[in-house]
Amino acid sequence: MMLNHIIYTVLIGLLSALAAKGQITHQAWLDSIQSDSYIGMEVWLDDLELSEARHIDESAAYGFYKNNPLNSTEEVLSRLPGMSMIRRGNYAWEPTINGLSSGQVNVAIDGMRMFGACTDKMDPVSSYVEPNNLESIVIEKGGAGSALGSTVGGAVDFKLKRPRFNQAWSGSLNSRYETVSNGMSQSASLSYGTEKLAIRMNGSYRNYQDYTDGEGDEVYHSGYKKLNYSLSGAYRLKGNNLINFDFLIDDARDIGYPGLPMDVAFAKAKIGAVSYTMFEPVNWLTEVEFKAYANTVDHLMDDSKRMDIPVRMDMPGETKTYGGYAQASAVRGLHTIQAKLDGYATNAYAEMTMFIPNERDMFMLTWPDVDRQDVGLFVSDQWQTTEKLTTEISMRGEQAFTQMNSEMGKGQFAVFGYDEEDFQVNHFVLNTGISLNYSWSSAFSTKVGGSYGERLPSVSEMYGFYLYNNFDGYDYVGNPEIKKESSYQLTGSINYQPVEKLEINLSGFHYWFNDYIIGYVDESLDAMTIGAKGVKVYENVDGVTFSGFDAQVLYQASKHLQLLYAVKATYATDGEGTPLPLIPPLKNNLTVVGQIKGFKLQAEGEWSMAQNQISENTGEIATPAYQLIHLRGSKDWDMEKVKLGLSLGVENVLDESYREHLDWGGVLRPGRNFYASLRVGF
């Protein structure tokens, strides 16, 4: 570790010395973040292209710009404040916010609710979008995410890239190769716009083989193939009103999961939406939008390519979701008001077939044809209380009806003593909060907020049937009588910019949970999965707490040198003070950016502390600390009709053997990786 620190210090010093001889501008990798709720941010992924289209107050606070358009969405998310990723393989990492994940966090695409079709969470919604068709990522922490639905953990909304009017044909081609997995990525985009009509098309393809870890060993079942393409359009009506449509297809195949006992034959999603937007229909109503959408997800887990398995299994799953919303924003005096009425209907179906040698195949429903209808109303008021004080109040009420349709599924649960009324459940959930933002001076502001949040139990928590969890080795059974989860939350943040060259952002949180949903061992039940330790049933517990902070320091040392330092940490325990599982340790990032004779240079260091606060009840193991170094460089050529860009880099320069704490199965991450990418724009 000491050697890594010394080498990193030398690299930073060398880059600083070289940069002092060149010129450094404010890089596009530092995008703006708009803090328009308790602790929220919007990270724009293409600063140069979108700068003219923004309608928000710019804030040069903090953001991490992905260095290459072919980096995955998960790689972008993993570097953002409060965000960590649960990794079960080299594909489809699951996003967490301040240690909360899954049903505790809403993940949407352009405001559309969507649900994965895998009972083992191998297909989070974030896996169905690509950076080349994204405009921005909106992240809200805790109760601030209730505009997208009831939540206790927050929300992530992937905003799709919009086409532009009055634009001649333009496009780009991107290609990337990396050595650690012999992987290739390609993407392309094409757009055109007249005064009335605008169209944009995007496509990408990834083909990755099994990668090599820092010990030089091949990590089997870590490769995958993925095709993603989308079409977006906009038509301008009278009064600048707009009709927009989006269609997106994502098709991944032959996906390996080294942290799980099964792989995925395919994971497919189809997403469609149409919306109508009115701008200033009356002088106090700034914008009104109506949107309808539909999406389907198909997923098939199988272990046909695994060796030495006692019993082969197929586990297909499917979700279908239809929904829509009407939202409006208005300005009345000192009040900025937002209101949103939304609803969706979703169906989840999954099954499992075990092919037992010399015996009859075993079949059961793991998600027994579950419907959920949900309607919610969200209202917020941002009030300029005084010249320096802004008060924001928000509230969301939501009514949901969940029912199991399958008679076979009802029969499965009947053996546990449940009856018909347990298969039709109504929930009313409430989210409310208040925040105070005070500007002490032009350089110093503070924000404090308090909120109460509730969230619906997930389909797995209510009606999942013998879902094997490879993390702790138990089969999980749902509880139709499970209560909704709730929490009280206190948040705060500080923004300090004493001089133009320096900006400091600090935020912290503390959550108290009631009826926290977690699995506990039921000794009366026998496991069904071969090798499972036993069976856990979801229950509600009180006294769970989450605490943490994140901070960012942006420093423009001179016109030749710019630095960004970020740190984040989360701590969580149950009512008895025992650590909860899958909580990320303290992590630091330091990035230095420079430009020398047209070449952009970037050095990045990652430090992760050891995680010894572990949940022994789940069999969680401690994770040692690690330090990483990444070096990147790029050069752009602006020709008369064509723009060329070349990027080269080395990730994990010292070939460190490591894993992050949220990585399942103790699987090591990739070792030293050289990559090269080429971009052609016209």
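Me: Which residue does Lys-320 stand opposite in S16?
Reply: Asn-347 is the one opposite Lys-320. Keep in mind that this is a predicted model.

Me: How do S15 and S16 run, and how many bridges join them?
Reply: S15 and S16 are antiparallel, with 19 bridges joining them. S16 covers residues 335–355.

Me: What sits between S15 and S16 in that hairpin?
Reply: Two residues separate the strands of the hairpin, and Gly-333 in the turn has a positive phi of about 65 degrees.

Me: Remind me, what holds strands together in a sheet?
Reply: Backbone hydrogen bonds do the pairing, in either a parallel or an antiparallel arrangement.

Me: OK, moving to S9. Which residues are on its covered face?
Reply: S9 spans residues 183–193, and its covered face has Gly-183, Ser-185, Ser-187, Ser-189, Ser-191 and Gly-193. On the uncovered face you get Met-184, Gln-186, Ala-188, Leu-190 and Tyr-192.

Me: Why do the faces go every other residue like that?
Reply: Because side chains in a regular strand alternate between the two faces of the sheet.

Me: What does S9 pair with on the S8 side, and in which sense?
Reply: S8, residues 167–178, pairs with S9 in the antiparallel sense over ten bridges. Glu-178 has Gly-183 in S9 as its bridge partner.

Me: Change of topic: what's the strand order in the open sheet with mixed pairing?
Reply: That sheet has four strands in the order S21-S22-S26-S25. Its edge strands are S21 (467–469) and S25 (516–521), each pairing on one side only. Ignoring direction, neighbouring strands in this sheet are turned by 40 degrees against each other on average.

Me: Do S22 and S26 go parallel or antiparallel?
Reply: Parallel, over four bridges, with S22 at residues 474–477 and S26 at residues 534–541. Tyr-476 stands opposite Lys-536 in S26.

Me: Zooming out, how many helices and strands are in the chain?
Reply: Five helices and 33 strands. The chain has 682 residues, and 57% of them count as buried. Among contacts with a separation of 6 or more, 66% come from residues 24 or more positions apart.

Me: What about the accessible surface?
Reply: About 28500 Å² for the chain, with 57% of that belonging to carbon and sulfur atoms.

Me: Last one: where does pLDDT stay under 50?
Reply: Residues 1–39 are one such stretch, and the model gives them 113 contacts beyond four places in sequence. Residues 46–69 are below 50 as well, with 65 contacts in the model beyond near neighbours in sequence. For the chain, the mean pLDDT is 88, and 90% of its residues reach 70 or more.

Definitions and conventions. Residues are numbered from 1 along each chain as its sequence is written. This is a predicted model: local features need pLDDT of at least 70, side-chain atom pairs count only at pLDDT 80 or more; totals for chains, interfaces and linings use all residues. Side-chain values use heavy atoms; hydrogens and water are left out. Buried means under 20% relative accessible area, exposed over 50%, partly exposed in between (1.4 Å probe, protein chains only). Two strands pair if DSSP finds at least two bridges between them. Contact means heavy atoms within 4.5 Å. Accessible areas come from the Shrake-Rupley method with a 1.4 Å probe; for residues, only the protein chains shown count as cover. Axes are lines fitted to C-alpha atoms, for helices over the stretch in contact, and angles run from 0 to 180 degrees between N-to-C directions. pLDDT is the predictor's confidence in each residue, from 0 to 100.
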